[in-house]
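Try each task yourself, then read the solution step by step.

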Amino acid sequence: MTTIGVVDTTFARFNMGKAAIDEIQKNMSAKIMRRTVPGIKDLPVAAKKLIDEEGCDIVIALGMPGSKEQDKICAHEASTGIIQAQLMTNTHIIEVFVHEDEAKDEKELAFLMEQRSREHALNVVKMLSRPEKLIKEAGTGQRQGFEDVGPARI
């Protein structure tokens, strides 16, 4: 059976892991291993441990960087760590970050965190069981969370 790792943070202001798990379970049968860490810089090692120690076939790493400059630096460092963990394990780790300042208010932030979590969870499902769907979506301007922008026109 396919094993999917889900790692999220306590710093996020929405339960992104719960939304991702719910979406995965609605769309495929898989064993799900969940871990929660304090913040986004903790995501890379948690994701790597899910792959190395729990045998996950793919991991979705969810977090919310804050709006301050320091938070943006931390997000960059976490992203770099996630990329390194992918290369070390030869396994996809789907990074799902929602920056606190992407939304105009609390309601939009909660909406964005849920939608992005769910839409990337569907990307995980597609990568594992329906990769041809991703091929059909190539170049179509897909955006997770907000409205898709569509392909560029000549």
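Asparagine 90 sits in the loop that links H3 and E4; helices (H or I, at least four residues) and strands (E, at least two) are DSSP runs, numbered from the N terminus. Before going further, note that this is a predicted model, in which local features need pLDDT of at least 70, side-chain atom pairs count only at pLDDT 80 or more, and totals for chains, interfaces and linings use all residues. Residues are numbered from 1 along each chain as its sequence is written, and side-chain values use heavy atoms, with hydrogens and water left out.

**Exercise 1.** Work out whether asparagine 90 is buried or exposed, and look at its phi.

Step 1: Buried means under 20% relative accessible area, exposed over 50%, and partly exposed in between (1.4 Å probe, protein chains only).

Step 2: apply them. Asparagine 90 has 74% relative accessibility, so it counts as exposed.

Step 3: check the backbone. Most residues other than glycine have a negative phi. Asparagine 90 is not a glycine, yet its phi is positive, about 55 degrees. For another positive phi, go to glycine 55, which follows H2 and has a value near 75 degrees.

**Exercise 2.** Describe the overall build of the protein chain.

Step 1: count the elements. There are five helices and four strands.

Step 2: Along the sequence the pattern reads β-α-β-α-β-α-β-α-α.

Step 3: test the size. A compact globule of 154 residues would have a radius of gyration near 15 Å, and the protein chain has 15 Å, so the two agree. (The radius is taken over C-alpha atoms, and the globule rule is 2.2 Å times the number of residues to the power 0.38.) Along the principal axes, the C-alpha atoms fill a box of roughly 40 × 40 × 30 Å.

Step 4: look inside. Of the 154 residues, 44% count as buried.

**Exercise 3.** Find out how E1 is placed and which strands it pairs with.

Step 1: check burial. Seven of the seven residues of E1 are buried, so the strand is largely enclosed by the rest of the structure.

Step 2: sort the directions. Thr3, Gly5, Val7 and Thr9 point one way, while Ile4, Val6 and Asp8 point the other way.

Step 3: find the partners (two strands pair if DSSP finds at least two bridges between them). E1 pairs with E2 in the parallel sense over seven bridges, and with E3, also in the parallel sense, over four bridges. Take valine 7: arginine 35 stands opposite in E2, and alanine 61 is the bridge partner in E3.

**Exercise 4.** Which residues touch the most other members of the largest nonpolar core?

Step 1: define the core. A nonpolar core is a set of buried Ala, Val, Leu, Ile, Met, Phe, Trp, Tyr and Cys residues joined through side-chain atoms within 4.5 Å.

Step 2: Among the 23 residues, Ile4, Val6, Met16, Ile24, Ile60, Leu62 and Met113 touch the most other members.

Step 3: trace their origin. E1, H1, E3, E4 and H4 each give two or more residues to this core, and the largest share, six residues, comes from H4.

Step 4: zoom in on methionine 16. Leaving aside neighbours within four places in sequence, methionine 16 is in contact (heavy atoms within 4.5 Å) with Leu62, Gly63, Val96, Val98, Met113 and Ser117.

Step 5: look for another core. A second, separate one has 19 residues, including Val7, Leu43, Ile82 and Ala85.
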